[in-house]
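The following exercises are to be worked through with the sequence and the structure at hand. Each task is followed by a solution in steps.

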There are 2 protein chains.
Amino acid sequence: MRTYLECIPCFLRQALDASRLVSRDPEVHERVVRETLRLAAEMSFDRSPPAMGQQIHRLLRAVTGNDDPYREAKQWANEQALALLPTLQERVRAADDPFALAARLSIAGNIIDLGCKSEVRKEEITSAIESAMHDSLDADALEAFRSAVESAKDILFLADNAGEIVLDRLLIEQMPMERTTVAVRGRAVINDATIEDAKVAGLTELVRLVDNGSDVPGTILELCSPSFRQLFNEADLVIAKGQGNYETLSDVDHDIFFLFQAKCPVIARDVECEVGQAVLCRGQTRGDNV
Amino acid sequence: MRTYLECIPCFLRQALDASRLVSRDPEVHERVVRETLRLAAEMSFDRSPPAMGQQIHRLLRAVTGNDDPYREAKQWANEQALALLPTLQERVRAADDPFALAARLSIAGNIIDLGCKSEVRKEEITSAIESAMHDSLDADALEAFRSAVESAKDILFLADNAGEIVLDRLLIEQMPMERTTVAVRGRAVINDATIEDAKVAGLTELVRLVDNGSDVPGTILELCSPSFRQLFNEADLVIAKGQGNYETLSDVDHDIFFLFQAKCPVIARDVECEVGQAVLCRGQTRGDNV
């Protein structure tokens with residue numbers, strides 16, 4: 001997905017919110033905002049929004065000297081999700097369609113996104129989970145997803161955020177885990193999950209775990225490590241969580257299912273849904289898509 | 001009032017909205033957004049937000065080759081207000097406190113502001129007027145305003161937007177008109193009132209009319225004409241309509257009453273009110289303020 005002009009004011013708002021989250025120094029806030037203005041003035045709008053996210057968050061880390069400003073926020077989100085996990089695992093086990101419920105709960109976890117807003121409250125997580133218990137996904141997309149998961153020989157699951165990755169475990173447990181690799185970001189950026197969060201989620205004992213070698217809050221393939229790109233190309237099914245992965249991979253010609261909460265009007269327009277909606281959709285570049 | 005960092009994303013949104021309002025060419029939209037990014041990156045945040053508004057709208061006029069892109073919007077707003085005027089004049093005449101009602105209706109007219117949003121609908125105008133019929137202003141501020149108007153020898157009334165200036169007539173008719181001068185912008189910027197709108201409002205027959213010699217959507221004194229600055233300095237009471245006049249004059253040491261609708265959170269915080277509230281307040285720099 002390209003960067004729309006509506007994304008520009010949002011970049012500035014995000015840069016300001018993030019600078020205030022990681023520093024109390026007004027000079028830091030102003031420096032980050034001014035530098036974001038300069039970067040945005042020159043950026044190619046053919047690139048996806050996470051390309052700018054990468055630059056903004058590199059800047060924040062450089063200006064604050066803090067390599068992982070969202071560490072506490074990530075720990076908090078992981079703890080919230082881990083506290084909910086046993087009950088949710090029980091509910092999935094008892095469900096009429098465990099796979100469908102697990103997919104919905106994994107999407108609900110995508111509410112824990114500090115790229116779109118500067119705070120996620122506990123009630124927002126529980127409310128998203130409560131909705132996931134009752135709402136349903138697009139039936140055709142769900143069946144295509146189920147069938148793709150069943151028949152795939154090599155599944156690559158692209159995680160998104162800390163906390164969310166704990167709830168992804170519900171879905172991963174419903175998949176052929178011996179054929180599944182979970183990938184996280186190569187280093188800390190916003191509250192995106194890294195290897196540490198995957199370990200906290202207990203995924204090391206279930207599946208193969210890799211990082212993508214990049215600090216983009218999404219998956220820009222040419223910025224990922226060669227070994228990750230090889231994994232991506234060899235996987236016959238990619239499951240991509242979150243808006244950032246949708247924005248960076250929606251135009252890539254590969255069999256990809258996107259699972260996320262549509263949190264901004266630009267994305268909602270791009271996927272033709274409402275803001276706030278849980279989305280399960282297949283990439284648009286292949287002829288055999290739903 | 002200085003430019004707060006929250007104003008920066010808003011400048012970009014305004015530049016994008018305005019470029020779409022005045023042109024259908026995506027290249028124009030992108031050019032205006034990029035140039036606004038460059039201007040904002042270098043601007044002094046000690047200046048008030050309308051200093052940037054001036055730059056954005058000069059840019060829009062230059063890029064589109066249209067000297068008055070809001071001409072139709074201004075005509076529409078004048079027509080709406082003129083249609084309402086006779087009934088409102090009647091209501092003011094019949095009111096227990098004509099001066100207070102006229103002040104509230106003049107403030108209600110400030111809803112017609114295309115700097116804050118790209119469209120104002122007819123229902124928003126009638127709804128603001130309906131609220132003005134019943135709501136009340138800060139009683140102390142109102143009595144101070146009434147008394148200042150009664151005792152002033154030389155009143156300078158700074159108009160804000162087209163349409164709004166028609167409703168300002170209700171208040172001007174309650175003032176000592178022989179001692180009142182109404183000032184408008186020196187040339188077209190956004191939907192701000194110019195001499196043409198003052199004439200349409202019928203003010204030429206009631207008061208002395210001047211323009212301020214500037215294309216700032218507010219009143220930055222050093223950018224106004226020397227003759228306007230002299231009028232300003234000689235007036236013992238200034239009545240300033242609208243957010244732009246508040247933003248540019250709130251720190252000026254002169255007896256000024258500000259009348260406007262608080263339409264953004266930054267202004268609302270600055271004057272300590274709620275967004276959407278009708279505000280009547282006296283400038284903060286004099287010792288004898290309410």
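Predicted model: local features only at pLDDT ≥ 70, side-chain atom pairs only at ≥ 80, totals over all residues.

**Exercise 1. Determine how many residues of α1(A) are buried.**

Step 1. A residue is buried if 20 or more other C-beta atoms lie within 10 Å of its own, exposed if 12 or fewer, and partly exposed in between, with C-beta atoms placed from the backbone.

Step 2. In α1(A), 13 of the 16 residues are buried, so this helix is largely enclosed by the rest of the structure.

**Exercise 2. Describe the side of chain A that touches chain B.**

Step 1. Two residues are in contact if their C-beta atoms, placed from the backbone, lie within 7 Å. In these terms, 15 residues of chain A are in contact with 15 residues of chain B.

Step 2. Helices α1 and α2 (26-42) of chain A each supply at least two residues of this side. The largest share, eight residues, comes from α2(A).

Step 3. Ala, Val, Leu, Ile, Met, Phe, Trp, Tyr, Cys and Pro count as nonpolar, Asp, Glu, Lys and Arg as charged, and the others, Gly among them, as polar. The side of chain A that touches chain B has 10 nonpolar, one polar and four charged residues.

**Exercise 3. State which rotation superposes chain A on chain B.**

Step 1. Copies are superposed by least squares on the C-alpha atoms of residues with pLDDT of at least 70 in both. The rotation is 180°, with 0.0 Å of shift along its axis and an RMSD of 0.0 Å.

Step 2. The two copies are therefore related as by a two-fold rotation axis.

Step 3. Of the residues of chain A, A:Pro9 comes closest to the rotation axis, with its C-alpha at 2.2 Å.

Step 4. Of the interface residues of chain A, 100% are also interface residues in chain B, so the copies meet through the same surface.

**Exercise 4. Give the strand order of the six-stranded sheet of chain A and examine β1(A).**

Step 1. Two strands pair if DSSP finds at least two bridges between them. The sheet is open, with the order β3-β2-β1-β4-β5-β6 and mixed pairing. Its edge strands, β3 (208-211) and β6 (278-282) of chain A, each pair on one side only.

Step 2. Strands β1 (residues 155-158) and β2 (residues 180-184) of chain A run parallel and are joined by four bridges. A:Phe157 has A:Val182 as its bridge partner, and A:Leu156 stands opposite A:Thr181.

Step 3. In a regular strand the side chains alternate between the two faces of the sheet. In β1(A), A:Ile155 and A:Phe157 lie on one side and A:Leu156 and A:Leu158 on the other; all are buried, and both faces are covered.

Definitions and conventions: Residues numbered from 1 in each chain as written. Chains lettered and ligands numbered in written order.
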